[in-house]
Amino acid sequence: MTCSQNIWAAAMAAWPTILLSDLLRYLVVAGGFAAALAWAPAAWRSRRAVRIRTVARRQQLREFGHSMLTVLVFSLVGASVLLGYHAGLMQIYSEPEAYGWLWLVVSFFVMVVLHDAWFYWTHRLMHHRRVFAWTHRTHHQSLAPTPWAAYSFAPAEALVQALFLPLFLLTLPAHKAVLFLWMTHMIIRNVAGHTGVELVPKSWLGGWWGRWLTTTLHHEMHHAHGHANYGLYFVWWDRWCGTEHPDYRDGLRALVDRLHLPAFGVGAVPTPRKVRGNTATLLGGLIVAGLGTFALPDARADGALGEWVTQGHAARVNVRPCRGEPEKLCGFITWLWEPVDAHGKPMLDARHPDAARRTHPLLGLEMLSGFKPGPIPGSWVDGHVYNPEDGRTYSSRMKLRTPEVLEVEGCVLFLCSSQIWRRMPRRCDSESQSS
């Protein structure tokens, strides 16, 4: 099998796990909210209800059926993300030190804000009369949505919503834990917006949450009226673009005022023990559902040996012990993005300072040479890197930022520049060495 075939096979082998993860995430959260609302005292639900329309007969069964198709679409896109990760395109990492703890924390909020923008503008686009029928009408069949409507999309809409993740990872790096937290936040906010009951504390609704974040009422009005309140997490796009429903703020104030009235006959409030038990069950389910996020291969800590994708994916370099000096590391080009020139002939080392070597092909060229283990584990020093683009050789050192990320630095006098290389899957190494 070729390297690309191996990567494809690995992604397909992981697809059932990804499918199960997406299915459990939906079932645990949607089912958990539905069960909690069914068990909640009727008077409590009545005070917090924001229903505008009536739930239709057999609606929840229809929502569940469409959601199963969405789970399938989401899992296939998830498998494509894994495929891109193996190919060195998706920027997923497992060691916080790779990009620093600050980015690890900030990246979660960046994902949420960008996802909200993606949702708002694609949501508005899908309301256009030319595409609404085959993209968004399925979701709007639920005029009074239930928790099961969270994934009730047509396949086209499911694909549009799922594309945010690979597009983000092609552009910005994300830690596995951040991906899990983002997915958990996404499904909880999504399901909560379809419950028809306002769930957050009344002080939040009258304060910071009501000012900046979407509420269940916000999305309930969208389902009931159609052309308003397009936001997913935040209200700012609707306010900036004039698409907030004109009655939304008055409706939210009326709800807050109602919740501040004395609660006569609300019924028994769940005891802390019951709340803790239900919360533990929900969190346990979310952890299980999130295991698919961590189905990516574990980082290896066996040094720099193996095949690496250069920055920009221009080439792959196989790092291995030098011939005759096994204590040192050398690197040979095993693959090129452009292996032939405009005439269809193999790319040559045309800029080499030794004219006799300018007819040698770039494939198989020794690019790294003479790297000795450095004083810090995971570092190599006193090596040289040859740049075929200018025919010059630079003094160089290497450092493993993580077992998956190699930093290669070249220097002329006191001027240095570095590149980030990413490890190829181990199963492709033998193929590269034989090429």
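Reader: Why is His-219 called buried?

Author: This is a predicted model. His-219 has 11% relative accessibility. Buried means under 20%, so His-219 counts as buried.

Reader: Where does His-219 lie, and which residues does His-219 touch?

Author: His-219 lies in helix α12, residues 216–225. Leaving out residues up to four places away in sequence, His-219 touches His-139, Gly-193 and His-194. Contact here means heavy atoms within 4.5 Å.

Reader: Is His-313 buried or exposed?

Author: Its relative accessibility is 12%. The cut-off for buried is under 20%, so His-313 counts as buried. His-313 is found in the loop between β3 (306–309) and β4 (315–322).

Reader: What makes the phi of His-313 worth a remark?

Author: The phi of His-313 is near 60 degrees, a positive value in a residue other than glycine. Most residues other than glycine have a negative phi.

Reader: Which value does phi take in Arg-58, and is Arg-58 buried or exposed?

Author: Phi of Arg-58 is near 60 degrees, again positive in a residue other than glycine. Arg-58 has 60% relative accessibility. Exposed means over 50%, so Arg-58 counts as exposed. Arg-58 lies in the loop between α2 (42–48) and α3 (59–86).

Reader: How do you know how α7 and α8 are oriented to each other?

Author: Two packed helices are described by the angle between their axes and the distance between the axes. Here the axes of α7 (residues 155–162) and α8 (residues 164–171) cross at roughly 20 degrees. They come within 5 Å. Angles under 35 degrees count as roughly parallel, so α7 and α8 are roughly parallel to each other.

Reader: Which residues meet where α7 touches α8?

Author: Val-160, Gln-161 and Ala-162 in α7 meet Phe-164, Leu-165 and Pro-166 in α8. By class, the contact has five nonpolar residues, one polar and no charged.

Reader: How much space lies in the second largest pocket, and which residues are closest to its centre?

Author: About 860 Å³ of space lies in that pocket. It is lined by 32 residues. Closest to the centre are Met-367, Asn-387, Pro-388, Glu-389 and Gln-419.

Reader: Which elements give two or more residues to the lining of the second largest pocket?

Author: The elements are β5 (325–336), β7 (379–387), β9 (405–412) and β10 (415–423).

Reader: How many residues of each class are in the lining of the second largest pocket?

Author: The lining has 19 nonpolar, seven polar and six charged residues.

How values were computed: Residues are numbered from 1 along each chain as its sequence is written. This is a predicted model: local features need pLDDT of at least 70, side-chain atom pairs count only at pLDDT 80 or more; totals for chains, interfaces and linings use all residues. Side-chain values use heavy atoms; hydrogens and water are left out. On a 1 Å grid over the protein atoms alone, a cavity is a set of points where a 1.4 Å probe fits but cannot get out, and a pocket is an open set with protein on both sides within 12 Å along at least five of seven lines; lining residues have an atom within 4 Å of a point. Grid points are joined across faces, edges and corners, and a volume is the space filled by probe spheres set on the points. Helices (H or I, at least four residues) and strands (E, at least two) are DSSP runs, numbered from the N terminus. Ala, Val, Leu, Ile, Met, Phe, Trp, Tyr, Cys and Pro count as nonpolar, Asp, Glu, Lys and Arg as charged, and the others, Gly among them, as polar. Axes are lines fitted to C-alpha atoms, for helices over the stretch in contact, and angles run from 0 to 180 degrees between N-to-C directions. Angles under 35 degrees count as roughly parallel, over 145 as roughly antiparallel, 65 to 115 as roughly perpendicular and the rest as oblique. Buried means under 20% relative accessible area, exposed over 50%, partly exposed in between (1.4 Å probe, protein chains only).
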